[in-house]
Amino acid sequence: FEITPKEITISLGNVDEKIVYSGVAYLVGYATNYQTVDGQFVGSDSINVKVKYTDQSGNYISPVNAGSYNVVFDDFEMASGLKSNYLIECEADGKLTITKKEITGKVKDASKVYDGKELVASELENIVGLLSGHEILPKFTGSIKDYNATGVEAKLDIDNTIIVNKLGEDV
């Protein structure tokens, strides 16, 4: 006699995780909302589906930064002694989206005694939402050169402002 593993097909197609950037790398995870497409487990048997992440080119990665990633089947876990009774295949990948973390702040007011040189904004204050170990390297627009000039508002140039993590990497 021979007992062969029971084939079950699952799908991660309905996995659509959305998380806010936290600076933490996602190495492996578990998909709790997979679907069984074909086959049934015997009795109360169940699995924990382990997943990995890939970039859009299919390379295995540990996503950290904001962007879209694929959630792909890696392996499965079961109660002791049951795993060899099943052959699990996966027909569709899921998605992981890491969204940008909101950071707020204000351009710090500045003034100086006239010296013929431009007064340029250089600091932010009241920063909220910046993760520990991260730093903002701001770039600003707007400056004043003339004595008693008014009406010029300094603004953060968001397209050229960089946020770096504790390793100095642009995030």
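This talk covers charged side chains and strand pairing in the structure above.

A reminder before the details: this is a predicted model.

Salt bridges to begin with. The count comes to six. I'll go through some of them.

Take Asp74 and Lys52. Their side chains meet in a salt bridge, at 3.7 Å from N to O. Where do the two residues sit? Asp74 is in strand E7, residues 67-77, and Lys52 is in strand E5, residues 48-54. So the pair ties together parts that are 22 residues apart in sequence. How exposed are they? Asp74 is partly exposed, with a relative accessible area of 30%. Lys52 is partly exposed too, and its value is 30%.

Next, Asp75 and Lys83. They form a salt bridge, with the closest N and O atoms 3.0 Å apart.

Now Asp109 and Lys106. This salt bridge has an N to O distance of 3.5 Å. Buried or exposed, for Asp109? Exposed, with a relative accessible area of 66%. Lys106 is partly exposed, at 34%. And there is a further partner here. Which residue joins Lys106 and Asp109 in a network of salt bridges? Glu125.

The general point behind these contacts is brief. Side chains of opposite charge can pair when their charged atoms come close.

Glu7, Asp38, Glu89 and Glu91 gather on the surface in a patch of negative charge. Patch members need over 30% relative accessible area and no salt bridge. Look at Glu89. Its relative accessible area is 43%, so it is partly exposed, and that value clears the 30% cut-off. Glu89 belongs to strand E8, residues 86-90.

Last topic, the strands. Strand E9 covers residues 94-99. Which way do its partners run? Strand E2, residues 16-20, runs parallel to E9, and five bridges join the two. In that pairing, Asp16 has Lys95 of E9 as its bridge partner. E7 pairs with E9 as well, in the antiparallel sense, over five bridges. There, Val71 stands opposite Gly94 of E9.

One link back to the start. E7 pairs with E9, and E7 also holds Asp74, whose side chain meets that of Lys52 in a salt bridge.

That's the tour. Questions, please.

Note on methods
Residues numbered from 1 in each chain as written. Predicted model: local features only at pLDDT ≥ 70, side-chain atom pairs only at ≥ 80, totals over all residues. Heavy atoms only, no water. Patch = residues over 30% accessible without salt bridge, like charges linked within 9 Å, V, L, I, M, F, W, Y side chains within 5 Å. Areas by Shrake-Rupley, 256 points an atom, 1.4 Å probe, with all protein chains shown as cover. Salt bridge = Lys/Arg side-chain N within 4 Å of Asp/Glu carboxyl O. Lys, Arg positive; Asp, Glu negative; His and termini not counted. Charge placed at Lys NZ, Arg CZ, Asp CG, Glu CD. Helix = DSSP H or I, 4+ residues; strand = E, 2+ residues; numbered from the N terminus. Buried < 20%, exposed > 50% of the residue type's maximum accessible area, 1.4 Å probe, protein only. Pairing = 2+ DSSP bridges.
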